[in-house]
Amino acid sequence: MTKNPYYDPAKPHHRPQGFQNADREFPGKSLAEVLRWKIEASRKSLPAPPSAPIPVVAPDLDFLHRNARAGAAMQPAVTWIGHATVMVQMSGLTLLTDAIFSERASPLSFLGPKRHQPPGVPLRDLPHIDLVLTSHNHYDHLDVSSVQALNRQTGGAPLFVVPLGLKPWLVARGVAPEHAVEMDWWDSHPVQAPGGTVDVVLAPAQHWSARGLTDRMATLWGGFAVFGPDFHLFFAGDTAYSREFSALRARYAERQSQAQGGGFDLALLPIGAYEPRWFMRDQHVNPEEAVKIHRDLAAKRSLGMHWGTFALTDEALDEPPRALAQVLREQAIDEQEFFVMAIGQTRVLPPRRRAGL
């Protein structure tokens, strides 16, 4: 591995050759462990096929495009495209998380995890995208053709915001340097929007990075806290459970006091790709741990994503929402507080209100 050009010895998550997690180091997986997982899954015929079709609805394109053009009058809304790709409209901005619209989450067009459902909104039908947030460089979260298509969109390229190390990757694939921002954990970047200034913060996540055999941990990973005047959004990306979510809540306690409108109006939390636990617990939460994150953040509501599109692990594609529903019942949490959506579905959400307004 080459030397880390961003290395800062004062930052515990920096390493001379890359990065590490803050809560606990990612141990990595050996070839023997990968083979053990794959052999066990093959013997048990895992993952099992879905017991029911993944819910899909036709997108409300008329609303999405009108809302995108509404400027400061935009209604906060969330649309699930599939997997970790979510479109959020807030504060006059239309943003995408971990945009992947390709048929496969793979460096190869003919091999690798294949979509079980098409994107909920095809690339050609998207409203103009202002902002693209990318949590890390795994192929099911950072996709070359999707980045290039968004960069060529009518009306001008979006702003791509990425963790440290990924701006050169974007520029090498045609993104102009002024349309790419890379950040370290806790860095903030202001985005001017019709509804006012939106602050985008890269928050720690418990994960790892690699796109090949020789670049493990060479680029950073993370989640995003997005603070708009009328909406606060959290996007976890990929993560295991860690103390970082409680730390995030404490860090922004004053900004999210009850007088200032409370906690995150919406958290986008992964609930899939978690089995077998002995292999996945260091990198992916299960539904029970996702609910812990929801509570740690004191989020008003959360959307369960990262399921139903790519069969990446041993649980069935439709198992995560059933497991989530069981946890919610056990903990007496209303399903409107932590919900799932059909691919293509849009949900309009209330804007935040400060005390006295």
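This is a predicted model: local features need pLDDT of at least 70, side-chain atom pairs count only at pLDDT 80 or more; totals for chains, interfaces and linings use all residues.
**Reading contacts, cores and salt bridges**

Reader: Is Ser91 buried or exposed, and where does it lie?

Author: Buried means under 20% relative accessible area, exposed over 50%, and partly exposed in between (1.4 Å probe, protein chains only). At 2%, Ser91 is buried. It sits in the loop between β4 (85–90) and β5 (93–97); helices (H or I, at least four residues) and strands (E, at least two) are DSSP runs, numbered from the N terminus. Contact means heavy atoms within 4.5 Å. Beyond four places in sequence, the contacts of Ser91 include Met74, Ala193, Val198 and Phe231.

Reader: What should I look for in a nonpolar core?

Author: In soluble globular proteins, nonpolar side chains tend to be buried together. Here a core is a set of buried Ala, Val, Leu, Ile, Met, Phe, Trp, Tyr and Cys residues joined through side-chain atoms within 4.5 Å. The largest has 69 residues, of which Val200, Phe234, Leu268 and Leu297 touch the most other members. Strand β10 (residues 196–203) gives this core the most, five residues. Apart from it lies another core of 22 residues, including Leu64, Phe101, Leu166 and Leu170.

Reader: Leu297 also belongs to helix α7; how many residues of that helix are buried?

Author: Eight of the 11 residues in α7 (residues 287–297) are buried, and the helix is mostly covered. Glu289, Ile293 and Leu297 are among those eight. After α7 comes Ala298, with a positive phi near 55°.

Reader: How should I read salt bridges?

Author: Side chains of opposite charge can pair when their charged atoms come close. The rule asks for a side-chain nitrogen of Lys or Arg within 4 Å of a carboxyl oxygen of Asp or Glu, and the count comes to 13. In one of them, Glu289 pairs with Arg277, with the closest N and O atoms 2.8 Å apart. This pair links distant parts of the chain, helix α7 and helix α6 (residues 277–280), 12 residues apart. Both partners are buried: Glu289 at 18% and Arg277 at 14%.

Reader: Which residues do salt bridges with shared partners join into one network?

Author: Asp23, Arg24 and Arg243. Asp23 meets Arg24 at 3.6 Å, N to O, and Arg243 at 2.7 Å. Arg243 lies in the loop between β12 (231–235) and α5 (244–251) and Asp23 in the loop between β2 (18–19) and α1, so their bridge ties together parts 220 residues apart in sequence. Asp23 is buried at 18%, Arg24 partly exposed at 33% and Arg243 exposed at 60%.

Key:
Residues are numbered from 1 along each chain as its sequence is written. Side-chain values use heavy atoms; hydrogens and water are left out.
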